[in-house]
Amino acid sequence: LTYMTLCLGCLSVLVALALSVYVLQKLCFPYFWRDLLFLQKVVRYGVKLEVFKLTSSVRTVLDRFLQQVQRIPDKPFVIYDGNVHTYRDIDRRSNRLANVFLEKANLRKGDCVALLMNNEPDFLCVWFGLAKVGCSVAFLNTNIKSKSLLHCFNSCGAKTLIVGSDLVEDLDGILNSLLSDNIQVWAMRSWTKHTEVHSLLDKLESASEKPVPAALHAATSLKTPTLYIFTSGTTGLPKAAVISHLQSLKAAAGFWAFGATEDDVIYVTLPLYHSAASLIGVGGTIELGATLVLKKKFSASQFWNDCRKHDVTIFQYIGELCRYLCNQTKTELDKVHKVRMGVGNGLHQDVWQEFQSRFGKIKMCEVYGSTEGNLCFMNHIGKIGSVGRSNFFYRLLFKYDLVKYDIVKDEPVKDQYGFCRRVDKGEMGLLLSKVSAISPFFGYAGSKELTEKKLMRNVFVKGDAYFNTGDLMAEDHEGFIFFRDRVGDTFRWKGENVSTTEVTEILGLVDFIQEVNVYGVQVPGHEGRGGMASIIVRSGFIFDGKKLFEHVVRDLPGYARPLFIRLQEVMETTSTFKQQKFHLVQSGFNPSKVVDPLYVLDYKQKSYIPLTDTIYQSISAGEHKL
């Protein structure tokens with residue numbers, strides 16, 4: 001009896017201890033097990049990539065696609081405009097294209113080819129066809145104009161351009177320049193009116209479906225560049241971010257890490273020339289062996305009908321996309337769908353809450369990371385408003401820091417020894433990510449100077465190097481990461497990074513403009529910041545709203561066109577003669593607070609017209625479309 005009593009006593013103590021540990025863990029470390037399980041998946045995938053490195057048996061995204069073709073040849077891979085394309089269909093068409101590229105275009109392994117196409121299945125077929133030949137592919141933004149487009153070729157070294165059938169006419173202004181630079185142009189058409197532009201579709205009919213030699217696309221290193229994706233930054237014209245096989249494979253694991261499976265149907269409406277849609281969307285679908293529903297362009301009015309029609313379970317988003325959906329008229333079908341997960345970035349807390357309240361408890365998985373960056377945060381918990389999650393385990397693998405930043409001076413705060421100072425928990429700071437073997441930075445094509453500008457050296461000790469994200473972030477006491485703002489000369493609008501330097505250069509070409517300062521301002525009811533330009537009119541000239549309108553529409557993509565103009569007599573500068581943006585940003589575009597003349601972009605009148613109090617109130621109420 002004494003022995004039984006002793007055993008029961010010990011058991012009671014153990015149960016009480018276990019219960020105490022459980023309660024303590026729930027109170028002090030509520031996300032411990034979820035963090036551990038998530039990190040275990042990430043580490044497992046990372047180990048697999050390291051094995052590729054050590055054994056030189058590199059498996060690329062293309063290799064994974066070919067595996068899926070063998071495993072599930074008849075499964076729908078891409079659904080577009082009501083048409084179903086299986087894994088085998090895309091493989092065979094890309095084989096035809098690969099053979100045309102080899103035999104007719106004389107492309108060879110190692111060549112770089114630029115791709116200018118809208119969302120369509122042939123985007124994937126051309127991409128994979130080029131990859132099978134061993135070519136790296138430069139995805140061109142379909143919104144960029146002549147000067148920027150020519151610059152893209154120079155930066156990545158492409159000597160061939162493949163252009164979509166609906167974009168051929170967009171080349172009229174620069175075709176002669178391309179041809180004079182010995183760039184061969186191929187169009188996805190059966191014929192072209194331009195004798196110098198080669199047609200592709202007619203040559204596909206007689207091309208072989210047989211695979212090209214596997215040796216052409218065999219990769220020996222994960223660090224080999226496979227793509228160039230253009231991103232705007234503080235240096236002006238688009239920069240060609242080098243995307244290696246390693247980065248492609250990491251991005252392709254995103255859906256899987258969040259719990260997606262091969263049974264999921266993934267809806268992608270974002271442009272494929274962006275890393276989100278191509279690397280995470282297409283790459284992630286291939287990794288899973290899932291089905292991709294591809295849309296040429298996002299449509300808020302058709303979104304849920306498409307989801308219901310195709311039994312979509314996962315969709316990709318940017319913050320603006322979810323806001324557009326919330327702005328649609330409510331219907332009784334709002335919660336009638338099978339969508340269980342959204343993966344993306346830029347979802348503000350207010351929209352997040354409204355979206356889930358209206359459309360159901362869809363798990364929103366925020367991902368933070370730039371195209372060229374070496375750091376990624378993933379909000380696998382689903383904490384509303386957070387862009388990602390960090391913890392003790394994560395910090396062991398990925399070294400990042402938030403450092404104090406002086407917004408007025410537009411520079412990091414340094415200590416007496418010239419080193420950066422870390423912020424306290426909850427305090428906003430500039431996010432820096434240490435460059436290491438685990439987190440390499442591959443930089444930009446064509447310019448070591450651009451690559452170096454993105455790095456900060458001697459941050460905490462002499463000789464260290466960190467990737468400068470250019471983002472002001474904060475990390476709370478639970479390890480959740482929150483985006484606060486963008487620093488310097490870049491802001492985000494309509495899901496695109498806008499380079500103030502590039503816009504400044506374009507506006508500076510207008511004859512009546514003497515000096516211009518471009519910045520982003522917050523616009524009620526909109527994500528990101530709308531473009532605004534402070535202008536000094538040249539002596540002897542007057543402001544011409546129509547001329548400026550014609551200039552920006554011709555030379556700038558829609559997202560980069562300044563929405564507002566402010567006329568000033570003197571431009572404020574810093575002590576080092578840098579243009580001062582801080583006070584301009586704070587002033588905004590409210591005519592009742594800004595004494596300088598203000599103008600707003602008006603597409604109906606095809607001009608910049610005076611910004612009145614009435615128009616301002618209309619914009620603030622969401623009635624005036626920008």
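Let us start with a pair of neighbouring strands: E1 and E2 run antiparallel and are joined by four bridges. Here, strands (E, at least two residues) and helices (H or I, at least four residues) are DSSP runs numbered from the N terminus, and two strands pair if DSSP finds at least two bridges between them. Strands of a sheet pair through backbone hydrogen bonds, either parallel or antiparallel.

Before going further, please note that this is a predicted model, in which local features need pLDDT of at least 70 and side-chain atom pairs count only at pLDDT 80 or more, while totals for chains, interfaces and linings use all residues. Residues are numbered from 1 along each chain as its sequence is written, and side-chain values use heavy atoms, with hydrogens and water left out.

**The sheet around E1**

Between E1 and E2 lie two residues, making a hairpin, and aspartate 81 in the turn has a positive phi of about 55°. Proline 76 stands opposite threonine 86 of E2. With strand E11 (residues 291–294), strand E1 (residues 76–80) runs parallel, joined by three bridges; isoleucine 79 has valine 293 in E11 as its bridge partner.

These strands belong to an open sheet of eight, in the order E2-E1-E11-E10-E12-E13-E14-E15, with mixed pairing. Its edges are strand E2 (83–86) and strand E15 (377–378), each pairing on one side only. Helix H4 (residues 87–103) lies across E1 and E2 and runs at about 75° to E2; such angles, from 0 to 180 degrees, are taken between N-to-C directions of lines fitted to C-alpha atoms, for helices over the stretch in contact. E1 is mostly covered, as four of its five residues are buried, meaning under 20% relative accessible area, with exposed over 50% and partly exposed in between (1.4 Å probe, protein chains only).

**A loop residue and the cores**

Asparagine 119 is found in the loop between strand E3 (112–116) and helix H5 (121–133). Its side chain reaches the backbone oxygen of leucine 270 at 2.9 Å. Not counting residues up to four places away in sequence, asparagine 119 touches Tyr80, Thr269, Leu270, Pro271, Leu272, Leu294, Lys295 and Lys296, where contact means heavy atoms within 4.5 Å.

The largest nonpolar core has 131 residues, and those with the most contacts inside it are Leu124, Phe128, Leu161, Phe315 and Phe355. H5 gives the most to this core, with nine residues. A second, separate core of 42 residues includes Ala533, Phe564, Leu567 and Leu601. A nonpolar core is a set of buried Ala, Val, Leu, Ile, Met, Phe, Trp, Tyr and Cys residues joined through side-chain atoms within 4.5 Å.

**Cysteines and other buried residues**

How many disulfides are there? The count comes to zero, a disulfide being a pair of cysteine sulfur atoms within 2.5 Å. The sulfur of cysteine 125 is too far for a bond, because the closest cysteine sulfur, in cysteine 135, is 16 Å away.

| Residue | Relative accessible area |
|---|---|
| Asparagine 119 | 3% |
| Cysteine 125 | 1% |
| Cysteine 420 | 6% |

**Strand E17**

Our last stop is strand E17 (residues 400–403), where Tyr400 and Leu402 point one way, Asp401 and Val403 the other way, and all are buried. E17 runs antiparallel to strand E20 (residues 429–434), with four bridges joining them. Leucine 402 has leucine 431 in E20 as its bridge partner.

Methods
Polar contact = N/O pair within 3.5 Å; in protein donor to acceptor, adjacent residues only side chain to side chain.
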